[in-house]
Amino acid sequence: MHQPDDKFKPGRRSFLGYSAGAASVAAVTGCASMAADNPMAAAPPVTGEAGADTQAVQMPMTLEVNGQTRRFYGDVRLSLLDALREKLELTGSKKGCDQGQCGACTVHVDGKRVLGCLTLAVTVQGRKVTTIEGLASPGRLHPMQQAFIDHDAFQCGYCTPGQIMSAVAIVNEGHAKNDNDIRESMSGNLCRCAAYPNIVDAINDAKVKMAATPSPAGS
Ligand code: FES
Ligand code: FES
């Protein structure tokens with residue numbers, strides 16, 4: 001697994017700032033160790049103004065997210081996950097490891113699951129991005145969301161947005177034929193609370209309802 005580029009390493013002063021932000025995130029999410037382990041997890045939002053970071057190459061970006069056109073200035077090195085969370089205030093997608101190991105950041109791009117932390121925002125311009133916030137229809141949860149509730153398929157809930165986005169994708173891909181198929185297809189989504197049996201139950205339940213309910217485009 002690659003290590004973050006040195007250019008991303010915070011200096012001592014900025015690290016202290018990040019740490020203060022991480023404490024706030026821990027208070028809200030209840031995942032103290034997750035935030036504290038990763039000082040970049042709660043990095044304060046960049047202002048979005050071109051030239052705000054003299055070391056960054058800022059450029060205007062346009063993303064199609066959950067059916068809306070969203071424009072902002074961002075560093076060319078900005079990950080899709082950070083763009084969603086820090087620029088567009090879509091914080092449903094979670095940052096667990098920030099290096100492609102946990103699946104908490106899973107979103108859909110053109111209906112396919114991708115890891116937001118390993119995808120550059122600039123590369124998905126012109127493509128359809130769907131996050132957990134865009135999965136439900138007005139007034140009605142997506143069948144997978146409802147199934148996770150019905151089957152208690154989470155405890156702390158930190159991994160849940162990524163689990164649900166992956167679960168929807170594997171059903172649409174035809175990779176949820178049986179329990180073993182589901183476990184294999186979901187193996188990139190880790191759950192510290194070990195809610196795995198209930199997640200499998202939820203997916204088995206939801207796939208039947210999804211077959212009877214056309215899913216929104218892109219999800
Ligand atoms: S945050 Fe863990 S895989 Fe992206
Ligand atoms: S990590 Fe807590 S529900 Fe999965």
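In the predicted model, a search of the whole structure finds 6 salt bridges. One of them joins Asp 98 and Lys 95, with N and O 3.7 Å apart. Lys 95 is buried, at 3% relative accessible area. Asp 98 is partly exposed, at 24%.

A second pairing links Arg 127 with Asp 110, and here the closest N and O atoms lie 3.1 Å apart. Arg 127 sits in the loop between β4 (112–115) and β5 (128–130), and Asp 110 in the loop between β3 (106–109) and β4, so the contact ties together parts 17 residues apart in sequence. Both partners are partly exposed: Arg 127 has a relative accessible area of 36%, and Asp 110 has 41%.

Helix α7 (residues 196–212) holds Asp 205 and Lys 209. These residues form a salt bridge with a closest N to O separation of 3.0 Å. They are 4 residues apart, which means a separation of about one helical turn. Lys 209 is partly exposed, at 38% relative accessible area. Elsewhere, salt bridges that share partners join Asp 82, Lys 95 and Asp 98 into one network.

The surface also carries a nonpolar patch. Leu 141, Ile 149 and Phe 154 form this patch, with about 240 Å² of accessible area together. Ile 149 belongs to helix α4 (residues 143–150). Its relative accessible area is 44%, so Ile 149 counts as partly exposed.

The search of the whole structure finds 0 disulfides. Cys 117 has 11% relative accessibility and therefore counts as buried. Cys 159 is likewise buried, at 11%.

Technical notes:
Residues numbered from 1 in each chain as written. Chains lettered and ligands numbered in written order. Predicted model: local features only at pLDDT ≥ 70, side-chain atom pairs only at ≥ 80, totals over all residues. Heavy atoms only, no water. Disulfide = S-S within 2.5 Å. Buried < 20%, exposed > 50% of the residue type's maximum accessible area, 1.4 Å probe, protein only. Patch = residues over 30% accessible without salt bridge, like charges linked within 9 Å, V, L, I, M, F, W, Y side chains within 5 Å. Areas by Shrake-Rupley, 256 points an atom, 1.4 Å probe, with all protein chains shown as cover. Salt bridge = Lys/Arg side-chain N within 4 Å of Asp/Glu carboxyl O. Helix = DSSP H or I, 4+ residues; strand = E, 2+ residues; numbered from the N terminus.
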